[in-house]
Amino acid sequence: MSQSTKCELRVTSGGDPLREAWVYLRRGGDVMVLRADGRGKLRKISAKGKAGRRWTYSERFTIEVPCKVELYWSAGAKPLPKKVTDDLSDAFVPRDLALDPPPAPGTNQVAPVERGNKTDKSTLVLSATVQVDLPAHVVSLETPKELGFWPCLWERPSDAYYTDGIAQGAAWHGARLTENDRPTATRQTPLREQGLTVEGAIDAAATKAFLRVIDDDGAPIDLRASAASTMAVKEIELPLVTSSAANATTKTFSVQVWLDKPTKAFGKRQIVVYAKDGLPRPVVESFYVHLVGLQTTLVDDAEATLGGDRPGPTPMESDEVMVVDFTHSPEVIPTGVPPQDAAEKAQLTALMRPHTRVRRMIRYPIRTERRRTLDAASTTLLALPEMPMWMAELHLVGLEKADLEELLVYRKYTFDNNPLTLDLAVQWDLELAWAGPDRNDHTRHAPYDYEDHFSGIWSKGQLVRPTEGQVVRIVLDDKDTIAVDGQGKVNDAFTVPPEAIPFPTDGRRVPAVFVDAQSRSWGRADAGALPTVVVEWQVPIMPSAVYASRGSRGEGGPLATGDVEIMRGGNGVLRVSGLRLFGERLDDGSQGPQMPLAVTPAFRVYGKNPSASDFADLFADVVPRYLADHAQDPGVADVLAIVPAGTWQEVLRRILHHESDGRDKHFFDWLASAPYSWHDRRHHRRWSHGWERDMPLFGAPHGYGVQQRDPHPNSDLMWSVLGGIQCGAQELVLDKAIAAFAYLSRRKQLVPGDRADAAALVREAVREYNGGNEFHSWNGQHWTIQAAGSEYCNSVLDGLAAHVVYGPAPTVFLPTNYYP
Amino acid sequence: MPVHVVESGECMTAIAARYGIHDPGAVYRHPQNAALREARGNMNVLLPGDEVFVPDPQPKKVERGSDATHKFVARVAVKELRLLLLDADRQPITDADYTLVIGADERTGKTSGDGMLYEPRIAARATEAVLRFPGLRLSTCLEIGALDPVDADTGMRSRLENLGYSPDDDGLAAFARDRGLDAGDEDGQRAALRDAHGA
């Protein structure tokens, strides 16, 4: 006969059942971790359970009575590690367990057996229950939320971050840097992590309270009490705030802590809050969070393959090069200084040098390496410009798949409705902006100074912009795992399924969510990669009414409309402007692009010129096509009747060659023969910083690009060599030639086939391209040049018969000068 | 010929008795209860809301002469209770003296050598009893006939409770782990729970 004297334990606190709490039972120096179920009954871990997973504490716990024990309880998702309960052994309260008075019976529901059935039964496990009451305590955490992420963020880079360790101003004025010149000095002040916020409340009687962050074994994570502190500490005292309410039962605390070694700190952690002073005995609670590094980066897939079908390298700090630009331009010649003399130049140089700025930046190219046709109807392969094939990444650094699964499992077994998902909503914004060398010159035309913002998802053949950004859903399956493919990718993770952006080419890779097999460095210092959950998205750089934009729109019409790529260069930054994790916004919802959660350091998008032969091929294809497309525009037929399209094409080729300093280039990249940031860009007593490496060619006062459109062209034409050529064709034929035709026609009716008229029209159009007129009269036999001086036409048409030796006005324009 | 809608705590024995039928099997086996039999499989494990077709009772007519004494034996519907009793270590509580109190009826007995308690005659309408083991200081209130089918959450929880697991999903998961069952196969887990518990 079995005569069990074992009893179950039911725990109350303040007379009420202690529901869903960890109970620590100490006897003889050993601490047993038990779990109070929904009725306060203690359960022990089942035979195949896992320590700390409360849902595996399902075995009925019994203890021989009478006996003496010591007990403590905590309410966190995970039990206090042994090291914590050992350190705070005074927290335990002694209790005598006895069966007197006899315990009240429990209740069991049973079924009668059918008459005659000899085997059916109801099975009952019976044991007595002893009730024990424990003191209540309050330690709660408001921020971060338990069973969520505790994200560590980077500080936003200040202006000084980019120039750190690099002398500014005069030292670089006129310097000649190669494309890949890197800073020789290391950063003195690297980017730092922001502090992590902890907010909560504790029993009002407590006069001191402390915080630790521990790992699963209870070992403390090194902290710092301030951003500036260099001393690692194991715990931080919490500033307790007494409520003004007379009957307040708690004091609140709000503190920021810094991680001493973030890469060693990331992982599943418990925030431990404890207090001793002012209380009858210590109280301690712990809260399970996953400490994760949150950052974003921008990968250029075209860096790996021009087709963009493989991931490009993650840009690191060691990839930064020195980018020289300027903060103010132009300067005005000081009063009293004669123009164009040594004194002028010396004074202006002194004025402009301080405006020179050198920054460490990652550079992404507008490429022209890949050849493709201009449109579906064409078969000619051309080196057309393409934006970087950007794949943006949000990193949850220090988050392994197994740890994410554990977090989700805890949530599943803790929260109502057994949530199975990590819902992550990310809002982002990619800004591209640039102010040209005429940025401070408003005297003739608006300077070039633009800022465009891009966001959205390419899905189902169009750009969409969900209010909440892209929503990612990672689901725990019925085996409590996250299904991934061989690359660690979660299938069907996006609420709005992205497609690969179809431009500039098909076959680009599709954004994905990876929870396994990925690792990234925290920050950009190559400090060793950690397991990382990666959420990707592409940023469509395309014309769209939904994009925010500011700045002068310029002239020349859009190069492209609709669902195609557009070119934008200059300075960029990618911002994660909003983030929701597990339904909790990490920001307060009011933070716009100016207050991002995560941001890339500012980067530079620069233009790559096609080779000379590629430029020639591009020109030869684009110009005839453009002129044919616009042959029916008003006035064009009259112009083409006098001078054929082929001649205009050659004239334009010469203009572009001349305007680009004889190089047929849209972006400034000839460092061997010219200073970097300073060039003689003087115009009307103003000196501008002239050429900024790999930025659109500039000519004062407002000319830009291979075509030197002034007033400046719009951004579509500004950043594309294709746009530059088309803009030149538009400027020469659709604008200046028509104007020249009208100008000359007021003096003589132009006759098709008349070489003098054709030559005059060409020369006048060329002169007008540069601004102004050359021909003023028809003397009845010849066109005469009334104005002497400008050599622009001769320079453009140099080597052709059209060269004119200017004499005393009027200079007769003779057949020897005729071109064509 | 009413259709009886099962309420909480009712089993077929009690329902039959309510309608004056001593043989609950006759009700259960009635052709019009075929769907119920298919769904439940055990006439004393019904779910509130189940519909039971109750046939008219068939009164037995006996003619006897007057001015004489006759002995009539009426069959009274009863419940049979068979419990396997285990201690906290899930070992059978063997040869243990018990008291079973059903209303005013107090019975005593001793569990068998394999921990079984068998009470063959409990009033059909009885729904509650108190079982005590004075020597072991154990007691429990029995709700007889209140066990729901295992495929109902209430039935699952009751069985987990009876078997010493926490009466919730955690308990079911623990039961599955202890038995080496597939974590995702809840139907299989419930079937195993039914087999382990009985009824």
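**A sheet across two chains**

Author: Five strands make up an open sheet, ordered β10(A)-β8(B)-β7(B)-β4(B)-β5(B), with mixed pairing. A strand is a DSSP run of E, at least two residues long, numbered from the N terminus. Two strands pair when DSSP finds at least two bridges between them. The edges are β10 (106-110) of chain A and β5 (105-110) of chain B, each of which pairs on one side only. From one strand to the next, the twist averages 25°; axes are lines fitted to C-alpha atoms, and angles run from 0 to 180 degrees between N-to-C directions.

A word on the basis. The model is predicted, so local features need pLDDT of at least 70 and side-chain atom pairs pLDDT 80 or more, while totals for chains, interfaces and linings use all residues. Residues count from 1 along each chain as written, chains are lettered from A and ligands numbered from 1 in written order, and side-chain values use heavy atoms, without hydrogens or water.

Back to the sheet. In chain B, β7 (residues 128-133) and β8 (residues 138-144) run antiparallel, joined by six bridges. Glu128(B) has Glu143(B) in β8(B) as its bridge partner.

Now the other strand. In β25 (residues 356-366) of chain A, 10 of the 11 residues are buried, meaning under 20% relative accessible area (1.4 Å probe, protein chains only). β25(A) pairs antiparallel with β23 (residues 321-326) of chain A over six bridges. There, Val321(A) stands opposite Met361(A). Five bridges also link β25(A) to β42 (residues 603-607) of chain A, and these run parallel. Tyr364(A) faces Val605(A) of β42(A) as its opposite residue.

Methods: Helix = DSSP H or I, 4+ residues; strand = E, 2+ residues; numbered from the N terminus. Buried < 20%, exposed > 50% of the residue type's maximum accessible area, 1.4 Å probe, protein only.
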